[in-house]
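Dear colleague,

Please read them alongside the model.

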Amino acid sequence: SKYAEEDILSGILPVMDDFERALKHIETSGNCAGIKEGIDLIYIKLSDFLKQHGVTEIESLNSIFNVDLHDAVANVPVAEEDKKGKIVDVLLKGDFLKDKVRRHSKVVIGE
């Protein structure tokens, strides 16, 4: 709907403004700590916006592999018994939109 599009734009456009300011600042500044802090703030703002619209991360690391939530892209040997059959690395985070899986996590499984 038109209202939903306007709501999304009103949340995303300020984040784009922040990114543009950060990129401009990168060109003229040698202050890496300040740039990192700015990017962290932009990330938090975007993450909060997505959460307000029902997007949440699928918690995967150290979880038991679940075909409904995860896509296994590799298996790796692990020495620890408690890591066998569990996710030892997340290559791409998955997420829910409200209660529905929007994107599966791409994961590495310990064996």
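How many bridges join β2 to strand β6, and do the two run parallel or antiparallel? Six bridges join β2 to β6 (residues 105-110), and the two strands run parallel. This is a predicted model, in which local features need pLDDT of at least 70 and side-chain atom pairs count only at pLDDT 80 or more, while totals for chains, interfaces and linings use all residues. Residues are numbered from 1 along each chain as its sequence is written, and side-chain values use heavy atoms, with hydrogens and water left out.

Strands here are DSSP runs of E with at least two residues, numbered from the N terminus, and two of them pair if DSSP finds at least two bridges between them. On that basis there is an open sheet of three strands in the order β2-β6-β3, with mixed pairing. Because β2 (70-76) and β3 (87-92) stand at the edges with a single partner strand each, one side of each is left without a neighbour in the sheet. Within β6, Lys106 is the bridge partner of Asp71.

Ser105 also belongs to strand β6, and it counts as buried (under 20% relative accessible area, 1.4 Å probe, protein chains only), because its relative accessibility is 0%. Its side chain makes a polar contact of 3.0 Å with the side chain of Ser60, where a polar contact is a pair of N or O atoms within 3.5 Å, one able to donate a hydrogen and the other to accept it, and residues adjacent in sequence count only if both atoms are side-chain atoms. A polar atom of the Ser105 side chain also lies 2.9 Å from the backbone nitrogen of Gly94.

Best regards

How values were computed:
Helices (H or I, at least four residues) and strands (E, at least two) are DSSP runs, numbered from the N terminus. Buried means under 20% relative accessible area, exposed over 50%, partly exposed in between (1.4 Å probe, protein chains only).
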